[in-house]
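Work through the exercises below with the sequence and the structure at hand. Each task is followed by its solution.

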Amino acid sequence: MKKINYIIVLLASLLLAWGLPVLYHMMTDEATGNIFTYYSSVENEFCTIDYDYVKEELIRKSVKTEKEYNEAQFDSILPMFYYHQLLSDGRFPDTINGKAITPREIGSKTFYFSVKAQDKNKPHIPIYTLMESMSGRVNLETPGDFFRLNKNGIEFIDPEINAVKQEKSEQFMAAFERVGFTFPAKLVAGNPTTMKAYDEGYFICDDKNHIYHLKMVNNKPFIKDVDFPSEVNPVYISTMEPDDKSFYAFVFDENNNVYLVTTDRYKVIQIPTPKYDIDKDRLLIMANPLYWNVNIMSDRGKEVYAIDANTKELVDKVSFFHDDKPDVLASLLFPFQIRMAKHTSMYVKPSIKFGAISSIIVNLFFAVLYFFICKRKKYKKDIFPMVCVLLTGVYGFIAGLVFIRK
């Protein structure tokens, strides 16, 4: 029975090493607001919307001058973002920043692109739908088959009879061989939904880190080798079908650089971004015909770049970082913390974060306290719970008091 108690105490200590820190941070951590930030094409500076908890109202202002605006004024200095409201009010300008831009152009060149760590690391079923890119129909239609990429090639499957479509598979396999694709594929990225205006197929990274564009045109395979720099090793690809058909995909490499694959003969452009970790941070791009607002949200706060929509050169930047003060109490109270990492891996798995070295003193305090409690209650002397408390601190202290008896 004693051995069973030992196992229970050990498991309870490990469970508390996960649960107690979570509860502690839920009670002590303060939420950090995500300030809306957008580059004004009228004022040529960043403007923000933040909530004032004292006045209990939204504050709209310029970052540089700190000039505050009312709602109507703010609409006017951000015409790219509020163009629907300006059109409704009859206040849409004839020119923006000296350029004649129509509402239709704003609509076609405005897009929002977001990537989170979960997007890159989530598991997926490696079965894909390849739609016809030149169907001639207004609405896209899903095909009656699916394809998969195995170690040696591509196979199309008829789901109704659960059989490989040999002729189509051989036709596409021959196209892969002609461009020199090396199996197995490392990355496959596409947007297999009919809720879009057109389809551009998939971007696939082969075993040698070369990226290829695959789509089906008039029921025939189309494969194009994208000329990426040899030093770029892709780790994630995200495709889009923007209204203006100006680009195909965003590519992220192992050095956290972001590249844009354009429709201009597959020209590759590196997008300027703040310091960025795709496995931890969130990337958000809010684009309009004149400027792209590149947002990076991390544990440190938020940093925004405004880049020229045509040249992709940096125009301005602003950051909103909060003080990253270490939690001294948590590092002393918790000798280690078990965390269930879910963003940096395809599956939830535990990771350990150790506290301060001085937490050993706190562990010793709990061990002494546990000794006197056991002595007062006349528990049978047992070295195991004492050692457990010395090693795990407050976790073993609680587990020992609950599960160790006379």
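A nonpolar patch is made of residues with over 30% relative accessible area and no salt bridge, with nonpolar side chains joined within 5 Å. The model used here is predicted.

**Exercise 1.** State which residues form the nonpolar patch on the surface, and which helix gives the most to it.

Solution. Step one: the patch consists of Leu15, Trp18, Val22, Leu23, Met26, Met27, Met340 and Val348. Together they have about 850 Å² of accessible area. Step two: helix α1, which spans residues 2–28, gives the most, with 6 residues.

**Exercise 2.** Decide whether Met27 is buried or exposed.

Solution. Step one: locate Met27, which lies in helix α1. Step two: recall that exposed means over 50% relative accessible area. Step three: Met27 counts as exposed because its relative accessibility is 62%.

**Exercise 3.** Give the strand order of the open sheet with 4 strands, and name its edge strands.

Solution. Step one: the order is β1-β2-β3-β4, with antiparallel pairing. Step two: β1 (36–40) and β4 (68–69) each pair on one side only, which makes them the edge strands. Step three: take one pairing in detail. Strands β2 (residues 45–52) and β3 (residues 57–62) are joined over 6 bridges in the antiparallel sense, and Asp52 stands opposite Glu57 in β3.

**Exercise 4.** Describe the second largest pocket and find which element supplies the largest share of its lining.

Solution. Step one: the space in this pocket is about 860 Å³. Step two: 32 residues line the pocket, and Val188, Ala189, Gly190, Tyr236 and Ile237 lie nearest its centre. Step three: β5 (111–115), α5 (117–121), β9 (187–190) and β13 (234–239) each supply at least two lining residues. Step four: the largest share, 5 residues, comes from β13.

Note on methods. Residues numbered from 1 in each chain as written. Predicted model: local features only at pLDDT ≥ 70, side-chain atom pairs only at ≥ 80, totals over all residues. Heavy atoms only, no water. Patch = residues over 30% accessible without salt bridge, like charges linked within 9 Å, V, L, I, M, F, W, Y side chains within 5 Å. Areas by Shrake-Rupley, 256 points an atom, 1.4 Å probe, with all protein chains shown as cover. Salt bridge = Lys/Arg side-chain N within 4 Å of Asp/Glu carboxyl O. Buried < 20%, exposed > 50% of the residue type's maximum accessible area, 1.4 Å probe, protein only. Pairing = 2+ DSSP bridges. 1 Å grid on protein atoms, 1.4 Å probe; cavity = no way out; pocket = protein on both sides within 12 Å on 5 of 7 lines; lining within 4 Å. Points joined across faces, edges and corners; volume = space filled by probe spheres on them.
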